[in-house]
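Please have the structure open while reading.

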Amino acid sequence: MERYYKKWFYLLVLPAVLLFVFVIGLPFVIGTIYSFTSWRGTYFAGGTLSESFVGLENYIQAFSDEQFIHSMIYTTAYTLVAVVAINIVALSFALMLGRIKRGVGLYRTVFFLPNMLGGLAMGFIWQFIFQVVYTDLLFSPDGLFHVEFLRFMTQDTTKALFALVIMTVWQSAGYMMLIYISGLNSIPGELYEAAEIDGAGPIRKFFTVTLPLLMPSITIVLFLTLANSFKLLDQNIALTNGDFNTRLMALQILRTIQDKTPPNYGVAQAQAVVFFVIVAVISLFQVSLTRRKEVEY
Amino acid sequence: MNHNFRRFAALLMISMIAVFAVACTAQDGDLNNAQNQTLYLFNSKGENAEAFKKMCEDFTKETGIPTSAFSVGAGQDAQEPLRTQMNSVNPPAIFSLQGLKELPEWKESGRIVDLSSVENEEMRKLADAIPESMRLSDDGKSNYGIPFNVEGYGYMVDQRMIADLFSGEQQEAVIEGLKQASYEEFIAFCDAVTQYIETPAAKTIEINGKPYTFTAQKTERTKKLNGVFAFAGSEKWTYGDHLINVALNTVFLDARSAQNATEAQLESLRQPLVAYAKALDYVSSHAGGIKGSAKRGNDLINAANFGYDQSVQSFADGNALFLQQGNWAYANIEKVSKDVAENAVFLPIKLPITDAMIKTGKTAKEMNSSIPVYVPNYYVINAKAPKEAQENAIRFLLWMQKPENVQKYVIEAFHSVPYMADEGMKLDDSLSVSIMEYLEEGKTLSAPYHGAPNIWSSEVVGKELMEKYLTKSEWTEDDYHSIADFAITRWKNMR
């Protein structure tokens, strides 16, 4: 079998390579080239591709756009909070499910289910929850507890950031929990027994046994949550539509096209390239950092 | 087993590559065969996708020219799909544009045919016959599109509600009076209705100089009223695009003059925009709703309570007397209450403007008794389509504008008001009929907001109003001026 794979290796990987090249590679290269031109979506302003090169003008325009800078800062803030929150909740769920004996499958399914919903549908559901359930029913002066911070959460830049975090934690925690569960299951029981004999309590065991041996799962979950948080779009559109200064970067790129007529796809493309570089650098840095923390046993 | 698996894998590989290759080449093949025959059409109104397709099929049956129609999804933005279609191997020969705002893009790309200079004489005649105020033109000479229809908006009112508030026989006179009334009289009427909702009494009020007396007792219908206006606070376009458009009409005759606005014209918008802010202040503080009368504040911009659907429902359920909307909302109102839809007519949106503020030659009385009626969509011909396809496109547009086809498709199938309705045509809903009445009387305003900088009206001014003002319970004189100042400054910056 191994000989077979070796012999036919190139042919077997060809479909995947072709798909990657045509669906991801080529559009990416074309997009990067277009970010240096006056591309308007269906034509180049000023003539042909070569005649429409504008150098770094699109990048300069992108960085001198206050909204773009604000969306970068806002996205970073959201990502920081969301990554921490999702990881804490997902790991807590995984640890809790490791403790219980009955109904594990049911809980796993229930926690995983929100992940099946599309971003837009979820955004609209949570819009209703924040605007009606939180605002009128639960946290209003006549509600269960009066918590003003939790009312009108979509109408304030800071509150909306937490609203987005609450929604994405609800969506992603179940999925990330499954990765943590499989990581936890792969930790040999004897290591815990040995730690117990050495007199380690639950907290000590968590930090000296569980956490170091869970690093491969943490690498994956951190990577996924970082990338997903930076790329968040649908939920942003449905929940706040960018009102009250709540445009994340993906939505900012989308709106750049609509802000002017004829649409300036060149600037939007430059923003997309900057966006790609940021996500790529942070993700690569994170992966190499957490990889180094992984231990072998 | 190993041998069979190997064979299977090799076969699978070959078939996948073959399918990939065939898929790529087949498209090119189709292009060569079809380009000279099929007329590709792009329709930006997803709501009439089925009817549009049927119309194209009927055209094919009659002329033998094959058609292929692409419609966007209902309510979906059409600009992105249109660009995708233009980049495809079969770009449309006919596509639709939403007015002057979208013209620069397609003009710059060289994809738009000036209908006033086509060889086909019949087409030139059809284009010349379009009333000047309805032409898609950025210089007054060119003529780029055939209007799809006209749309109008104002304050909708259920005539039966007026009949119940006053005595039945006064219904027509009250509605006529409200159409003619000044802003001050209209506000006095709204105040009286607000008072009547709280404590009904046979009070007499004056509308357009004539006295009318409220019925002493509420009826089943008027008992439901809890506010004067159904207000969609979360929909920036209702006060950003449509309400502000009425104020823009004081300075600009049409979208083209707004597009070429001078510094002086923008400065002369200041007082009309202050008037606009005052009117919005009044409307947003006299709103009814599905949960009871509404106060201005954070709740008024919650989409779950004051979105488009909720405002339509609030009007159709009889919670509010007026709804500022256009005839496009007829189908939505009909879904909630067929009776309300059938009895709805338009009243003009009124602003506290004076003759001195108006630079277009109209008077404040004329403006306050007119409703905006304009062309929302044009059919245009793709100048980069093959010659034969362009000729087919011309044939299609000529065929579509035959009076019998206008009646059959534009009126009956699309439920729209044609841009050139003649006496023989029969409109099929109350709001369309109401628009026709204003058109016949010449009491119409235009849509200069289409000529304002892109996203200025809704996403800039509308957003500012939603985020900073509709959440505030009281507005001051300073607020009115700040709103006007913000709107003018941003227009200047965005040009």
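Domain bounds, as used here, come from an automatic or database domain assignment. On that basis chain B has domain 1 (35-150 + 376-401) and domain 2 (152-374 + 432-494). The model is predicted.

**Chain A with chain B: extent**

- The size of an interface is often given as the accessible area lost when the parts come together.
- Chain B and chain A bury about 2900 Å² between them, and carbon and sulfur atoms give 57% of that area.
- Chain A brings 37 residues to the contact, and chain B brings 34 residues.

- A:Asp136 and B:Lys291 form a salt bridge, with 3.0 Å between the closest N and O atoms.

**Chain A with chain B: the chain B side**

- Two or more residues each come from helix H1 (2-34), helix H3 (79-87), helix H4 (103-108), helix H13 (303-306) and helix H21 (456-469) of chain B.
- H1(B) gives the largest share of the side that touches chain A, with eight residues.
- By class, the residues on this side of chain B are 14 nonpolar, eight polar and twelve charged.

**Domain 1 with domain 2 in chain B: extent**

- The centres of domain 1 and domain 2 of chain B, taken over C-alpha atoms, lie 33 Å apart.
- In chain B, 16 residues of domain 2 are in contact with ten residues of domain 1.
- The area buried between these two domains of chain B is about 1000 Å², with 55% of it on carbon and sulfur atoms.
- On the domain 1 side, the residues that lose the most area to domain 2 are B:Leu100, B:Lys101 and B:Val150, which together account for 57% of what that side buries.

**Domain 1 with domain 2 in chain B: polar pairs and residue classes**

- The count of salt bridges between domain 1 and domain 2 of chain B is zero.
- One residue pair is in polar contact between these domains of chain B, both residues being at pLDDT 80 or more.
- The side of domain 1 of chain B that touches domain 2 consists of four nonpolar, three polar and three charged residues.

Methods. Residues are numbered from 1 along each chain as its sequence is written. Chains are lettered from A and ligands numbered from 1 in the order in which they are written. This is a predicted model: local features need pLDDT of at least 70, side-chain atom pairs count only at pLDDT 80 or more; totals for chains, interfaces and linings use all residues. Side-chain values use heavy atoms; hydrogens and water are left out. Contact means heavy atoms within 4.5 Å. Buried area is the accessible area (1.4 Å probe) that two parts lose on being put together, summed over both. A salt bridge is a side-chain nitrogen of Lys or Arg within 4 Å of a carboxyl oxygen of Asp or Glu. Helices (H or I, at least four residues) and strands (E, at least two) are DSSP runs, numbered from the N terminus. Ala, Val, Leu, Ile, Met, Phe, Trp, Tyr, Cys and Pro count as nonpolar, Asp, Glu, Lys and Arg as charged, and the others, Gly among them, as polar. A polar contact is a pair of N or O atoms within 3.5 Å; within protein, one must be able to donate a hydrogen and the other to accept it, and residues adjacent in sequence count only if both atoms are side-chain atoms.
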